[in-house]
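Let's take a friendly look inside this protein chain. Please have the viewer open as you read.

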Amino acid sequence: QVHLVESGGGSVQAGGSLRLSCAKSGDPYSNYCMAWFRQAPGKERVAVAAINARGQAAYANSMEGRFTISKDDGQDILYLEIKALKPEDTATYYCAASRRSWIEYPSSLWVNEYEHWGQGTQVTVSA
């Protein structure tokens with residue numbers, strides 16, 4: 001059973017930066033496609049970015065530029081770096097994983113493509 005644990009969230013002022021982490025455990029198979037999603041209060045869960053087993057990244061249209069997804073295969077950790085944070089970035093950020101090594105874009109940014117989810121880490125940005 002795959003287990004995903006996010007960390008790195010917190011309360012920051014606008015303009016600051018954060019690096020979120022997601023530790024994957026429970027399955028030594030490493031060729032997962034993984035992604036970050038976020039959900040603001042009262043809104044649907046939306047994609048931020050995805051990365052396949054080869055390390056190729058895809059970003060949601062509105063997320064490219066300030067968000068960088070990366071991974072450390074040796075440590076089985078997924079990262080999301082967020083720069084120039086804005087109050088509208090306030091949300092719970094979720095890590096997701098699919099046992100497929102590659103998901104065609106733009107499907108790689110769809111919630112339904114991922115079968116494993118973490119509990120989320122809260123990011124709150126104040127003006």
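The notes below cover the core, one arginine and the cavity.

## The nonpolar core

Keep in mind that this is a predicted model. Its largest nonpolar core has 36 residues. If you want a place to start, pick Met 34, Trp 36, Leu 80 and Tyr 93, which have the most contacts inside this core. The elements that give two or more residues to the core are β3 (18-25), β4 (33-39), β5 (46-51), β7, β8 (77-82), β9 (91-98) and β11 (121-126).

Not counting residues up to four places away in sequence, Tyr 93 touches several residues, including Leu 20, Trp 36, Val 48, Phe 67, Leu 80, Ile 82 and Val 123. Glu 6 and Arg 38 are also among the residues that Tyr 93 touches.

## Arg 66

Arg 66 sits in the loop between β6 (57-59) and β7 (67-72). Its relative accessible area is 19%, so Arg 66 counts as buried, the cut-off being under 20%.

What does the side chain of Arg 66 join in a polar contact of 2.8 Å? The partner is the side chain of Asp 89. Leaving aside neighbours within four places in sequence, Arg 66 is in contact with Glu 81, Ile 82, Lys 83, Ala 84, Leu 85, Lys 86 and Asp 89.

## The cavity

Searching the whole structure turns up one cavity of 30 Å³ or more. The largest cavity holds about 70 Å³ of space. Its lining divides into five charged residues, four nonpolar and one polar.

Among the lining residues are Lys 24, Ser 30, Tyr 32, Met 34 and Asp 76. β7 and β8 each supply at least two residues of this lining.

Conventions: Residues numbered from 1 in each chain as written. Predicted model: local features only at pLDDT ≥ 70, side-chain atom pairs only at ≥ 80, totals over all residues. Heavy atoms only, no water. Helix = DSSP H or I, 4+ residues; strand = E, 2+ residues; numbered from the N terminus. Buried < 20%, exposed > 50% of the residue type's maximum accessible area, 1.4 Å probe, protein only. Polar contact = N/O pair within 3.5 Å; in protein donor to acceptor, adjacent residues only side chain to side chain. Contact = heavy atoms within 4.5 Å. Core = buried A, V, L, I, M, F, W, Y, C linked by side-chain atoms within 4.5 Å. 1 Å grid on protein atoms, 1.4 Å probe; cavity = no way out; pocket = protein on both sides within 12 Å on 5 of 7 lines; lining within 4 Å. Points joined across faces, edges and corners; volume = space filled by probe spheres on them. Nonpolar A, V, L, I, M, F, W, Y, C, P; charged D, E, K, R; others polar.
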